[in-house]
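Hi there,

Here is the structure I promised to send over. Please have it open while you read my notes below.

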Amino acid sequence: MRWFIFVLLAVAGLFYVKWYPYYGRAFVAASSHSIGHSILMGDQASAPAPSWSAALGYALAYGNAIWKAMVLGLLLGSGVQALLPVNWVQRVLGGRGFGSVMAGGLFALPGMMCTCCAAPVVVGLRKHQASPGASVAFWLGNTMLNPATLIFTGFVLGWNWTLLRVLLSVPMVFGLGYLANRMTTSSPRVPTELLPTEPEPRSLAEVGKRWAQIFVRMTVRLIPEYVVIVLLLGAVRAWMFPHIGPAMGDPWFWIVALSLAGMLFVIPTAGEVPIVQAMLALGLGGGPAAALLMTLPPVSLPSLAMLWRSFPARLLVAIAAAVVGFGVLAGALASLLGLH
């Protein structure tokens, strides 16, 4: 029964929040070659100057785009702990080999969540002793292997951009997942704070009570710091993303700078597509645009903060640095290939 409840929640929730809306959005992208305005700066060449208004405006726009997925992520993350048997999670996702990494990445494909909405599920997986590699692959796979976003990218930016993203996303997701397992092999024991502290519930009443308790605890722990960081990023985004114009071109400096900014900033699912489209229209070079396409989705400062108790700090730093590296590589390839 617990399995049935979890699968029903996952299928029904993803259908309502992700699958059905994205199905319709794909036809819009195919017909209009657009999926909306850039959430970063709208129709302007630069983001608004740092202010409380800029912070609140971005937080409200971002929150309106992701709140349903965030609620679903919290329900699934707490549901993993309340509904799924620990031994099953350990057996499928707890191994230190590449098999668990592959499983984590494949389980991410139907999720299609943004990095912050996937974070509560990753917290739940780690609590149930999924390996770091499987958890990282699941986390990054939700954004970088998102089938809907890849389709949007093709219709809006061109299929050459989709190909570039796929060729780099596969090694990012599975390579960094494998790296996560290798970086933690010296500490095979699960940290105490990640171990389940309560016995497995038996009756549906116990399951419901435990699920509610975990949901509340997870919400109280994750959401306040998440909201604060989103407000901060919304306020200072003009400092992170400069005025866009043809003069920027493809220099390595902007590829590196926007790779770093893209890794730190937070956007909703597929938000990178209209951002890159708008910046290309304003004259941004293909190199910096490719860097943003690869670094805006997978991680962000809020999602890193949400997961700092679930992974060793050095692993999260390594993942963030590697994402910047993939952005720089994407920028170099786009410049070399003349993408625009």
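Methionine 112 is buried, because its relative accessible area is 7% (buried means under 20%, exposed over 50% and partly exposed in between, with a 1.4 Å probe and protein chains only). Methionine 112 sits in the loop between helix H4 (98-108) and H5; helices are DSSP runs of H or I with at least four residues, numbered from the N terminus. Its phi is near 55 degrees, a positive value in a residue other than glycine. Most residues other than glycine have a negative phi.

Before going on, please note that this is a predicted model, in which local features need pLDDT of at least 70, side-chain atom pairs count only at pLDDT 80 or more, and totals for chains, interfaces and linings use all residues. Residues are numbered from 1 along each chain as its sequence is written, and side-chain values use heavy atoms, with hydrogens and water left out.

Alanine 270 also has a positive phi, of about 70 degrees, although it is not a glycine. You will find alanine 270 in the loop between H10 and helix H11 (272-281), and it counts as buried, at 3% relative accessibility.

Back to methionine 112: proline 147 touches it, along with Leu109, not counting residues up to four places away in sequence (contact means heavy atoms within 4.5 Å). Proline 147 belongs to helix H7 (residues 147-156) and is partly exposed, with a relative accessible area of 35%.

What does the side chain of threonine 115 make a polar contact with? The partner is the side chain of tryptophan 139, at 2.9 Å (a polar contact is a pair of N or O atoms within 3.5 Å; within protein, one must be able to donate a hydrogen and the other to accept it, and residues adjacent in sequence count only if both atoms are side-chain atoms). A polar atom of the threonine 115 side chain also lies 2.9 Å from the backbone oxygen of proline 298. Among the residues that threonine 115 touches are Thr143, Val299 and Ser303.

Finally, helix H10 (residues 252-264) has buried residues including Ile255, Leu258 and Met263, and their cover includes H9, helix H12 (286-295) and helix H14 (313-337).

Best wishes

Notes
Helix = DSSP H or I, 4+ residues; strand = E, 2+ residues; numbered from the N terminus.
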